[in-house]
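Dear colleague,

Please read the notes alongside the model itself.

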Amino acid sequence: MQHRIIVLGAGYSGAIAAGRLAKRLRREDVAITLVNAEPDFVERVRLHQLAVGQDLRPRPFAAMFAGTGVELKLARVTAVDVDRRTVAVAVTGGDGDGDGAEELAYDTLVYALGSGWSDQGVPGSAEHAHQIASRTGALRLRERLARLDAGQSVVVVGGGLTGLEAAAEIAEARPDLDVALAARGGLGDWLSPKGRRHLRDVFGRLGITAYENVDVTGVEDGQVATADGTFIPAAVTVWTTGFAVHPIARTTALEVTDTGRIVVDETMRSLSHPDVYAIGDAAMAMGPGDKPLRMSCASGTPMAWQAADAIAARLTGGKLPNVPLRYFNQCISLGRKEGLIQYVTADDRAVRAALTGRVAALYKELVCKGAAWGVANPLLGMPARRRRVVVREPVGADRAVKAPA
């Protein structure tokens, strides 16, 4: 009997985990199923490029996982029963809409359903703002931007990495528009002095107006409202204030945080259910300095490696991975010609060193290409030896997993 592994979600984390598991384990011993609603991989870190009219290279999962032993199930997850070890799905056929209900049974589950945009409960944001946390959202924004006449205004709300990249990309692609960014804090206030200076310089050259220390309290048709009673003109509002995790985990018996992220140990294993692993934005994992890993591709990729290696080790009787998850830099694209690489401590705090300019833009492009390559080539770059599965079911006494010290 094969050990059944189901991976939910084929973003960076889920796709990488599925491929790595296929490389680590023998096909005769395991059946790996990757569940995703769409047939193509979405390069989420490039969606701001898609929004301004650039075309992204198609990356069909069928081609990626051909010959790997990973079965692709095009379906939308509708429920997870962690006590019965089943997943309910609506088969989509790749169009995103469910047209047939199925129930899948698993022995090990990898939960990688990720996150979407969050309107933060701000009135009017859901109705009037655009988001670039999904391909659908980026394409809608693309269509809207294409209809804007010269001189019209675009306001990006949110001063994090996504907001900075979106504002710069729009301003570079459409220099005829009046682009602004509204940030709750100072512009790039978490960066080093060198990083902040470069960011301000690029924004100045691109003609981006920065509204700093502004709390946006409402979004209306044609403007955004702020806490001090002023209004910022906005023919288009782009909302980049943060992410909200997929809601299904909250409906299960899994231990989750108040934001719905699954609490895991250092191997990405659920603290409440040892046959469930959570990775990427869906997981609450602790990093250096006992700080939660932030929602990002930079966190999700090593989390996927850690989970896949831990699952393989536990099934084959091998040694558990003991690689601490840490950060090295934050990579920010500022259009196609400029970039900012902010070097950071292991727990993600900026240090003095930063790479800027054209070289930084090329560095960021290599990072994006490398991340996509890792997904598209799941069996390359790893030892070819697969190990035999010796444990096919979770051990009953292992049901309660202790939190990491």
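This is a predicted model: local features need pLDDT of at least 70, side-chain atom pairs count only at pLDDT 80 or more; totals for chains, interfaces and linings use all residues.

Between the C-alpha atoms of Ala-166 and Val-156, which are ten residues apart along the chain, the separation is 7.3 Å.

Helix H6 covers residues 161-173, and its axis comes within 10 Å of the axis of H7, the two crossing at roughly 30°. That angle makes H6 roughly parallel to H7, since angles under 35 degrees are placed in that class. As for the hand of the crossing, H6 passes H7 in a left-handed sense.

Helix H7 itself runs over residues 193-206 and includes Leu-206, a residue that is partly exposed, given its relative accessible area of 24%. Leu-206 and Pro-321 are 115 residues apart in sequence, and from C-alpha to C-alpha they are 46 Å apart in space.

**Helices H1 and H8**

A second pair of helices is formed by H1, residues 12-24, and H8, residues 297-316, whose axes come within 8 Å and cross at roughly 30°. H1 and H8 are therefore roughly parallel to each other, and the crossing in which H1 passes H8 is right-handed, whereas the crossing of H6 and H7 is left-handed.

**Positive phi angles in two loops**

Which residues other than glycine have a positive phi, and where do they lie? One of them is Arg-85, with a phi of about 55°, and its place is in the loop between strand E3 (70-81) and strand E4 (86-91). Arg-85 is partly exposed, its relative accessible area being 22%.

Another is Asn-213, whose phi is near 55° and is likewise positive in a residue that is not glycine. The place of Asn-213 is in the loop between strand E11 (209-211) and strand E12 (216-220). At 60% relative accessibility Asn-213 counts as exposed, because the cut-off for that class is over 50%.

**Two further residues and their C-alpha distances**

Leu-56 lies in the loop that joins helix H2 (47-51) and helix H3 (61-64), and at 25% relative accessibility this leucine counts as partly exposed. The C-alpha atoms of Leu-56 and Asp-290 are separated by 37 Å, with the two residues 234 apart along the chain.

Pro-233, for its part, lies in strand E14, residues 231-234, and is exposed, with a relative accessible area of 52%. Although Pro-233 and Asp-178 are 55 residues apart along the chain, their C-alpha atoms are separated by 9.6 Å.

With kind regards

Key:
Residues are numbered from 1 along each chain as its sequence is written. Side-chain values use heavy atoms; hydrogens and water are left out. Helices (H or I, at least four residues) and strands (E, at least two) are DSSP runs, numbered from the N terminus. Buried means under 20% relative accessible area, exposed over 50%, partly exposed in between (1.4 Å probe, protein chains only). Axes are lines fitted to C-alpha atoms, for helices over the stretch in contact, and angles run from 0 to 180 degrees between N-to-C directions. Angles under 35 degrees count as roughly parallel, over 145 as roughly antiparallel, 65 to 115 as roughly perpendicular and the rest as oblique. A crossing is left-handed if the near helix is turned anticlockwise from the far one by less than a right angle, and right-handed if clockwise.
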